[in-house]
Amino acid sequence: MRRAIFVVLGFVLGLGLLSACVGTVMSDGDRRFPLPEDYPPGMMAWRTDTQSGLRVLEKIRPGASLRVIVVTGTPSWPEYWAPVLAALPDSIDIVVPTRPGFGQDRTAPRSVQTDLDAQAAALAPFLDVPDGQRVIILGQSYGTGVAILLADLHADRVAGLMITSPFWDRLGPSARTLLALSWPFRPILPGDFKAAIREVGARPGQTDRMAELLDGLDMPVSLITGGKDTLVAADTGARMLARIAPGVDMIHIDLPEGDHFLNACCVADLVAQI
């Protein structure tokens, strides 16, 4: 009986985490995040990447001159980037891999999820693009650290970097509450939630390292934050701007009505910046 009660509590908490993390349903009943199946056939497609073994949501068009590689936050759910894929013109390819340890990938060691270098190595094969095609890396939340590492390690293959809703060390009030509530129920939560808690719970102090890497990048960098983001510390963007060297080619765009999930609330803004 006691175990059944905890399972029910874990299920309810999982639903609460899902609502808090992705805000799936709007108050008017419309999806906040339309999913791939909500779009016409052929608009985007799933595949399993043969090099990395990771499941990927992508929109690939013949002759596209630019490719965007999205490094997702946590949990790593590419399907919630469907509105961005749909909004981009056919001149831009976009690839959204599932990061190691999420979705159908249950083979990644737990240590990989808190090792940004290992994550970057796992996603490096996605930088193999057709000759002449430029690459932009777009990192979101926890994925921004991995995105910066990818840009640093493969600077000769990357034309630009976008950092959205970065999480490098300090949580916001909503995330602190969710982490505190979910921590005791880790063993009975669904796999992706366990992985997300593991990542966030590690709280790697990344700001100094990320600033040092950004100082060395010779490419345009866009830092985009939401004024209503309560999942990460409100001063995350300002602290990074104060930390990096004056010569770094970085702009900071703060969207006053944006929350943590700019791929839902601010699709047009993201597309315009790309």
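Biologist: How do α8 and α9 pack, at what angle and how far apart are their axes?

Modeller: Helix α8 (residues 207-215) packs on helix α9 (residues 236-243) at about 50°, with the axes 10 Å apart. Helices are DSSP runs of H or I with at least four residues, numbered from the N terminus, and strands are E runs of at least two. Axes are fitted to C-alpha atoms, over the stretch in contact, and angles between N-to-C directions run from 0 to 180 degrees. This is a predicted model: local features need pLDDT of at least 70 and side-chain atom pairs 80 or more, while totals for chains, interfaces and linings use all residues. Numbering starts from 1 along each chain's sequence, and side-chain values use heavy atoms, without hydrogens or water.

Biologist: Which residues of α8 and α9 meet?

Modeller: From α8, Thr-207, Asp-208, Met-210, Ala-211, Glu-212, Leu-214 and Asp-215 meet Arg-239, Met-240 and Arg-243 of α9 (heavy atoms within 4.5 Å). By class, that contact has four nonpolar, one polar and five charged residues. Nonpolar covers Ala, Val, Leu, Ile, Met, Phe, Trp, Tyr, Cys and Pro, charged covers Asp, Glu, Lys and Arg, and the others, Gly among them, are polar.

Biologist: New topic: how many residues line the largest pocket?

Modeller: The lining has 15 residues, with Thr-225, Gly-226, Ala-233, Ala-234 and Asp-254 nearest the centre. A pocket is an open set of points on a 1 Å grid where a 1.4 Å probe fits, with protein on both sides within 12 Å along at least five of seven lines; lining residues have an atom within 4 Å of a point.

Biologist: Which element gives the largest share?

Modeller: α9, with three residues.
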